[in-house]
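Student: Please take me through some of the labels used for this structure. I would like each one set against its cut-off.
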There are 2 protein chains.
Amino acid sequence: MKQLGSQTWEFTNRPVILGSSAVVGPEEGEGPLASDFDFIFDSLEMDEKTWEKAERALFEKASLLALINANIDKEKLEFFVGGDLMNQIISSSFAARKLGVPYLGVFGACSTSMESLAIASMIVDSGGGKYALAGTSSHNCTVEKQFRYPTEYGSQKPPTAQYTVTGSGCAVVGQNDGSGNYPVVVSATLGRIMDLGLTDPFNMGTAMAPAAADTITAHFRDTGLSPGHYDLIVTGDLASVGLPIAKTLLAKEGIPMEQTTFDDCGLLIYDLEKQKYVIAGGSGCGCSAVVTYGHILKRLKKGELKRVLIVATGALLSPLSYQQGESIPCVAHAVAIESGGEA
Amino acid sequence: MKQLGSQTWEFTNRPVILGSSAVVGPEEGEGPLASDFDFIFDSLEMDEKTWEKAERALFEKASLLALINANIDKEKLEFFVGGDLMNQIISSSFAARKLGVPYLGVFGACSTSMESLAIASMIVDSGGGKYALAGTSSHNCTVEKQFRYPTEYGSQKPPTAQYTVTGSGCAVVGQNDGSGNYPVVVSATLGRIMDLGLTDPFNMGTAMAPAAADTITAHFRDTGLSPGHYDLIVTGDLASVGLPIAKTLLAKEGIPMEQTTFDDCGLLIYDLEKQKYVIAGGSGCGCSAVVTYGHILKRLKKGELKRVLIVATGALLSPLSYQQGESIPCVAHAVAIESGGEA
C-alpha cells in the first residue's frame with residue numbers, strides 16, 4: 001500500500017472484489033435497478049417479529065450471498081468489516097456472530113459502505129488476510145424509528161427529506177492472482193469531518209454535500225487524476241437536494257466534473273417521479289452499498305463502465321446530539337474501482 | 001504486514017507509539033493508578049451542561065494531549081481511528097471534527113481501544129500513513145444512562161455489576177525510524193464473536209470472558225508463542241467476576257497462563273476494597289484505554305515491563321437488542337506491545 005498525498009491509499013497489490021451481493025426490500029424492488037439486485041424481499045417485515053430483527057435477517061442474507069457469489073466457503077473467510085446505522089451497530093454484530101470470523105465493527109453512518117470496503121481492501125492489500133468481507137445495511141423502519149419517528153406514526157416530512165433504503169450490500173475482497181475478470185479496488189480517499197453548522201435531520205443532503213465535495217477534491221489533489229479518468233462518479237446519498245450543492249461546491253473548487261458522469265446513489269435507486277414517497281431520494285447505509293455492489297459492479301463486469309469512484313457520504317449525528325442542539329458532523333469516504341480488464 | 005495463522009497480524013515494520021494520553025474523572029483519580037494519568041478532572045461535569053458534552057470534552061482533551069505527548073503538531077497528524085460507546089459514536093466523531101483529519105469511526109464496545117490501535121498500526125505499518133491517532137472514551141454518566149439507568153436515579157445494582165470508567169485514552173502511532181525508545185506495536189489478534197447466550201446487562205464480565213479466552217487462545221495458536229513470552233497479559237474489563245471465568249476457560253484449553261502475570265484493567269484501575277461503589281470493577285471503553293495508555297506504557301518505558309499483551313473485551317449489545325430478548329454477542333481484540341529496547 002502506498003500513501004498518495006495525505007488522505008489517499010493506493011492499493012498497490014490491486015485487491016479484487018471476488019463477489020458481492022445486494023439484497024433489498026420491496027420498495028427498492030419497484031425502482032429502476034430492480035434487475036440488478038440478488039434478492040428482493042416482498043415485505044418489510046421479512047418474516048421477523050421486529051424491524052430490528054428484519055434488518056438483521058437482511059444483513060445476514062446479504063453476507064452469506066456475497067460468499068456464494070464469490071464462490072468462497074464460509075470457512076475460508078478470514079475477516080468481516082461491517083457496520084450499520086443502528087445503535088451499537090447491532091445488525092452488523094449479529095451478522096458477524098453468524099459468520100463466526102474475526103470482526104471489525106465500523107461506523108461512518110452512510111459512509112460505512114466505503115469505509116468498510118477501504119479497510120477490507122487494506123487488510124488484503126497489505127497481506128493481513130486473503131479474504132475479507134465488507135458490508136453494511138439499513139432498513140427503512142429501523143432507521144426512521146431511531147433517528148426521526150416510527151413509520152407507523154405516518155408523520156409528514158419536508159421536501160428536503162430522504163427515504164431510508166431497505167437494503168444490505170456486501171463484497172468479498174480477495175488477493176489478485178491475475179485470474180478472472182474481477183473488479184479491482186484501486187484506491188481509497190478517506191474523508192475528514194465537515195460541519196457547516198446545519199442542524200436539520202430532515203435535510204441530510206445539504207449537510208453532507210460539503211463532505212462529498214471535500215473528499216472528491218482531496219482525491220484528485222492526492223492522485224493527480226482528473227474527473228475524466230472515471231466513467232462514473234457517484235456520491236452516496238446526497239439525493240436531489242444535496243447533489244446540486246456538491247456540484248456547485250466542486251465548481252467553485254475548479255474541479256471539472258463535467259468531464260465525467262456525476263450522479264448519486266440516492267437518485268439512481270428510485271424513480272423519483274413514480275415513487276413520490278421517497279421525496280428527495282434514497283439514503284441510509286444500504287443505499288450506496290446496494291447500488292455499488294448490485295448495479296455498478298454489474299456494469300463494470302459487463303464492460304459498460306471501466307473506472308468508477310464511489311463517494312459514500314455519512315451524517316454522523318445521533319438523535320441525542322441533535323436534541324442537545326449540536327450541528328451535524330459529516331464525512332465522505334471514496335473508493336476507486338476499475339474493471340479487471342484494466343492494468 | 002504479515003498474517004500469522006488466521007486471526008493475527010504481525011506488524012513487520014514495527015510501528016511505534018510516539019506518545020499517548022490518559023485523561024480520567026475524579027473516581028479514577030482516587031484509584032491506585034492516579035499518578036499514571038495525564039489529567040484528572042475534579043468533577044464528572046467537566047464544566048459542561050450535559051454528560052454527553054462532558055464526555056466529548058474528555059475525548060477532545062485526551063486526543064490533543066496525545067499529540068502533545070508525542071511531540072506531533074496537529075497539522076502533521078494524518079488519520080484518526082476512534083470510537084466510543086455512545087449511540088453513533090458521537091464523542092469520537094466530535095473529537096474527529098476538532099482534529100480535522102481523515103477519520104475512521106470504529107465500534108467494538110469496550111474492545112474499541114485495541115480495535116482502533118490495531119487499525120491505526122495497520123495503516124502505519126502498511127505505508128498508508130506516517131502518523132495515526134487511535135483513541136476511545138467512556139463516561140460513567142453517559143454510559144449508565146444509555147445502557148442501564150441514569151445515575152441520578154440511584155438504582156441499586158447486583159454484585160456482578162461493573163462501574164463504567166470515566167476516561168479517555170489515545171495513542172499516536174508512528175513509523176519506526178529506529179530513533180527513540182518508543183513502545184513497539186508488534187502484533188494484533190482480531191477476535192470473533194462469542195455468544196454463550198447470556199442476557200444480563202449487569203453481568204458483562206461473565207458474558208465477555210469466553211471472548212477473551214478465545215482470542216488469547218487464538219493469539220498463542222497463531223504466533224506459536226506461549227504466555228511466558230509476556231511479562232503481563234491484561235484483559236480489558238472482565239473485573240472480579242469475569243477474570244476467574246477466563247482463567248478457568250484458558251486452563252481447560254491448556255494455555256499455561258501461570259507462566260505470566262494475568263490481570264484485568266477493570267481490577268487495576270480501582271481499589272475494590274476502598275472504592276466499594278465500583279462493585280466488581282471497572283468497565284467501559286475508557287477502562288482498557290487509560291490503563292494501557294497511562295499505566296502500562298509508562299511501565300514499559302521505565303523498563304518494568306518488556307512485553308505485554310492487551311486483550312480488550314467488548315459486549316456488543318444495545319439496550320434495544322437486550323429488550324428484544326437477544327443474548328449478548330461479545331468480542332475481544334488483542335494487541336502485543338513491547339518496549340523499544342527489544343528488537
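Student: Why is Ser168(B) called buried?

Tutor: Its relative accessible area is 0%. Buried means under 20%, exposed means over 50%, and partly exposed lies in between, using a 1.4 Å probe and protein chains only. Ser168(B) is therefore buried. Bear in mind that this is a predicted model, where local features need pLDDT of at least 70, side-chain atom pairs count only at pLDDT 80 or more, and totals for chains, interfaces and linings use all residues. Residues are numbered from 1 along each chain as its sequence is written, chains are lettered from A and ligands numbered from 1 in the order in which they are written, and side-chain values use heavy atoms, with hydrogens and water left out.

Student: Where is Ser168(B) placed, and what does it touch?

Tutor: Ser168(B) sits in strand S9 of chain B, residues 167–174. Helices (H or I, at least four residues) and strands (E, at least two) are DSSP runs, numbered from the N terminus. Contact means heavy atoms within 4.5 Å. Leaving aside residues up to four places away in sequence, the contacts of Ser168(B) include Ser21(B), Leu58(B), Phe59(B) and Val290(B). Its side chain also reaches the backbone oxygen of Thr136(B) at 3.0 Å.

Student: What makes the pairing of Thr8(B) with Asp222(B) a polar contact?

Tutor: The two side chains come to 2.8 Å. A polar contact is a pair of N or O atoms within 3.5 Å; within protein, one must be able to donate a hydrogen and the other to accept it, and residues adjacent in sequence count only if both atoms are side-chain atoms. Thr8(B) lies in strand S2 of chain B, residues 8–10, and at 0% relative accessibility Thr8(B) is buried.

Student: How do you know that Gln88(A) is buried and Asp47(B) exposed?

Tutor: The relative accessibility of Gln88(A) is 3%, so it counts as buried. Asp47(B) has 80%, so it counts as exposed. Gln88(A) is in the loop between strand S5 (79–84) and helix H2 (90–99) of chain A, while Asp47(B) is in the loop between strand S4 (39–40) and helix H1 (51–70) of chain B.

Student: What is the phi of Gln88(A), and that of Asp47(B)?

Tutor: Gln88(A) has a positive phi of about 55°, and Asp47(B) has a positive phi of about 60°. Most residues other than glycine have a negative phi.

Student: Why are H3(A) and H3(B) called oblique?

Tutor: Their axes come within 11 Å and cross at roughly 60°. Axes are lines fitted to C-alpha atoms, for helices over the stretch in contact, and angles run from 0 to 180 degrees between N-to-C directions. Angles under 35 degrees count as roughly parallel, over 145 as roughly antiparallel, 65 to 115 as roughly perpendicular and the rest as oblique. H3(A) and H3(B) are therefore oblique to each other. Ile119(A), Met122(A) and Ile123(A) make the contact with Ile119(B), Met122(B) and Ile123(B).

Student: What makes H1(B) and H4(B) oblique?

Tutor: H1(B) and H4(B), the latter being residues 140–147, pack at about 135° with axes 8 Å apart. By the ranges already given, H1(B) and H4(B) are therefore oblique. Trp51(B), Glu52(B) and Glu55(B) in H1(B) meet Cys141(B), Thr142(B) and Lys145(B) in H4(B).
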